[in-house]
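The sequence and structure come first, followed by the notes.

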Amino acid sequence: MSDQVIARTVGVLFIVGTVTAIVGGSMVLAIEHPGALAAVAADHSRVVTGMLLELVLALSVLGIGALLFPVLRRRDEGLALAYAGVRTLEAVLLMAASVAALVFLASGPGARAVGAVSRAPALVLALREWTYLSGSMVLLGVGGLLLYSLLFRASLVPAWLSLWGLVAAALILLRGVLELAGLDLPGGGGRPYWRHRSRSTRWCWRCG
């Protein structure tokens, strides 16, 4: 596969990942609110659709890491391996978050009381929150720092695009760490990263 085809495919996966992260995350958000079990029972199909979109997000993350590895390895094999490893772990945590949502769904009203899951839905929610934040923000930020530092050093993209990516990745990593520490931050912290993702997608598609 040529570098141009890889770049365009990665651009498409960037779009898929962005859309599924935003739409899927908003659909599953109902389980994180007070009275979540009742909310899930009232809108079961919406939550299931959100979980499926999150699984698509995880697969797109795996695809990006796998496609970029041979390109990045020619510049720095160590960083390329680190980036692929981080994206793989990110995908695993995103899948775990979706599974946690599924387990919570199974413990909703009308479900049979089986095992610890039905006795401790709050634990399942805490697991989902930890895995989702760790994958979608912390490891996303770490992966961004690895990727854009390598792209900057190898001059594979314009320097301003790499530097923008480094700043955006650092911000989303910081936000993820703070939220994992229990700080309730207002929305919008990831906007610089998503704007950069949009610009990177257009550049990949035009320039390959």
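**Basis**

Helices are DSSP runs of H or I with at least four residues, and strands are runs of E with at least two, numbered from the N terminus. The model is predicted, so local features need pLDDT of at least 70 and side-chain atom pairs count only at pLDDT 80 or more, while totals for chains, interfaces and linings use all residues. Residues are numbered from 1 along each chain as its sequence is written, and side-chain values use heavy atoms, with hydrogens and water left out.

**Valine 86**

Valine 86 lies in helix H4. Its relative accessible area is 14%, which means that valine 86 is buried (buried is under 20%, exposed over 50%, partly exposed in between, with a 1.4 Å probe and protein chains only).

Leaving aside residues up to four places away in sequence, valine 86 touches Leu139, Val142, Gly143 and Leu146; contact means heavy atoms within 4.5 Å. Glycine 141 is 55 residues from valine 86 along the chain, and their C-alpha atoms are separated by 9.9 Å.

**H4 against H6**

Helix H4 spans residues 77-106 and helix H6 residues 121-154; their axes come within 8 Å and cross at roughly 160 degrees. Axes are lines fitted to C-alpha atoms, for helices over the stretch in contact, and angles run from 0 to 180 degrees between N-to-C directions. H4 and H6 are therefore roughly antiparallel (over 145 degrees; under 35 is roughly parallel, 65 to 115 roughly perpendicular, the rest oblique).

The crossing of H4 and H6 is left-handed, meaning that the near helix is turned anticlockwise from the far one by less than a right angle. The residues of this contact comprise 26 nonpolar, seven polar and four charged. Ala, Val, Leu, Ile, Met, Phe, Trp, Tyr, Cys and Pro count as nonpolar, Asp, Glu, Lys and Arg as charged, and the others, Gly among them, as polar.

**H1 against H3**

The axes of H1 and H3 also come within 8 Å, crossing at roughly 155 degrees, so these two helices are roughly antiparallel. Their crossing is left-handed. The contact has 18 nonpolar, 10 polar and three charged residues.

**Nonpolar cores**

A nonpolar core is a set of buried Ala, Val, Leu, Ile, Met, Phe, Trp, Tyr and Cys residues joined through side-chain atoms within 4.5 Å. The largest has 24 residues, and Val10, Ile64, Leu68, Leu72, Tyr83, Leu147 and Leu151 have the most contacts inside it. Two or more residues each come from H1 (3-28), H3 (44-73), H4 and H6.
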